[in-house]
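Let's take a walk through this protein, starting with its open spaces and ending with a bit of its fold.

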Amino acid sequence: MKKEYKYPFLRLSDVNAPYRDAMSRAMERVLDSGQYIGGPELTVFEDMLAQHTQAPYAVGVTNGLDALRLIFRAYKELGMLKDGDEVIVPANTYVASVLAVTDNDLVPVFVEPDLSTLNLDTSIVEKHVTPRTRAVLTVHLYGRVCWDETLADVARRHNLIVVEDNAQAIGARALTPGLYGSYVSGGLGHAGAFSFYPTKNIGALGDGGAVVTHDSRLADAVRALRNYGSDRQYHNIYKGLNCRLDPMKAAVLAVKLPYTDAENALRREHAALYERLISNPVVIKPLWTAGAECVWHQYVVRVKDRDRFRAWLADRGVETAVHYAVPPHLQPCYQEYAHLSLPVTVAIADTVVSLPVTRTTPLSDIPDIVAAINSYRE
């Protein structure tokens with residue numbers, strides 16, 4: 001039986017409560033339409049997402065992993081990538097980032113994170129570029145944008161494809177303009193992958209994802225690949241997949257997407273309160289940024305004895321989570337990379353703890369949560 005917490009980490013029913021009536025009307029509209037694959041509801045959402053990211057093309061797909069997989073697959077179909085090409089990836093990320101690379105017979109090159117941001121250390125990316133490097137996958141982990149002039153310069157000088165894993169950072173904004181002038185995460189590079197898993201800042205009722213791009217050829221290829229590889233009925237130009245975002249989920253997402261800034265602002269309020277009130281020296285707080293470059297998908301602290309810290313908080317009614325306990329190169333499915341020396345990545349994985357940061361937690365509860373944090377002793 002699951003333990004009941006006074007301060008739960010996340011209750012999805014609470015997250016969706018403000019949109020319940022509007023979502024119900026949207027779902028009824030789809031139900032009444034009789035069109036349950038494709039159609040105007042999907043088109044409306046795709047147009048909204050494209051406008052949101054300041055990129056001209058958005059393609060709805062089944063989930064965030066498929067969004068990444070389809071981007072790399074499309075680049076291969078277009079002749080811009082081939083088997084064995086190297087893709088620079090942050091070593092500190094969720095395994096899906098790497099799965100999308102290896103699923104396309106590409107080679108991930110793991111690069112250590114910056115300990116202050118927990119994101120890809122852009123200052124050492126160029127050291128990992130080889131004659132086989134064709135792309136860089138930048139991950140905006142925990143809602144913090146991973147983009148700066150250093151990364152943009154490396155990409156331009158080495159003619160690298162820039163793919164963004166924007167699963168956790170919808171609505172975040174970079175301080176440096178992207179390759180096409182946009183400052184919005186997901187629209188900074190050549191293509192961006194979105195996840196609308198229910199726990200995301202903007203989540204679907206079930207899985208959902210999207211590809212956003214500035215390249216019309218890539219958008220066309222992804223549209224075909226998501227639909228059995230067909231560019232028109234019974235005409236299959238690729239050996240494709242079935243990776244379509246259904247209109248029911250698209251209609252729900254279209255309800256929630258206009259509130260992205262409001263949802264992110266609420267998370268920033270939570271994060272700001274944590275930043276101001278946490279004073280325990282054994283708890284390392286995340287790098288604080290007051291601006292829009294972080295949307296706080298997770299508020300992640302680091303503690304030496306994570307299990308003891310989490311147990312301490314649990315005893316005081318505070319539910320926490322871990323994102324992520326095992327880095328990709330140490331997962332059983334990637335034994336070929338287990339020999340890599342990535343000490344910063346491993347140190348992060350051993351110490352991270354995610355605190356409640358969503359609308360599930362009223363701001364008035366934060367001082368009580370922080371009191372439990374500040375009373376902890378090693």
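Helices α4 (64-77) and α5 (95-102) each give at least two residues to the lining of the largest pocket, and α4 has the largest share with three. Helices here are DSSP runs of H or I with at least four residues, strands are E runs of at least two, and both are numbered from the N terminus. Keep in mind that this is a predicted model, where local features need pLDDT of at least 70, side-chain atom pairs count only at pLDDT 80 or more, and totals for chains, interfaces and linings use all residues. Residues are numbered from 1 along each chain as its sequence is written, and side-chain values use heavy atoms, with hydrogens and water left out.

A pocket is an open set of points on a 1 Å grid over the protein atoms alone, where a 1.4 Å probe fits, with protein on both sides within 12 Å along at least five of seven lines; lining residues have an atom within 4 Å of a point. The largest pocket comes out at about 550 Å³, a volume being the space filled by probe spheres set on the points, which are joined across faces, edges and corners. Look for Tyr-94, Gln-168, Tyr-197, Lys-200 and Tyr-324, which lie nearest its centre among 28 lining residues.

Now for the fold: β2, α5 and β3 form a right-handed β-α-β unit, meaning that, with the strands pointing away from the viewer, the path from the first strand over the helix to the second runs clockwise. Strands β2 (residues 86-90) and β3 pair in parallel over five bridges (pairing takes at least two DSSP bridges), with Ile-88 opposite Val-109 in β3.
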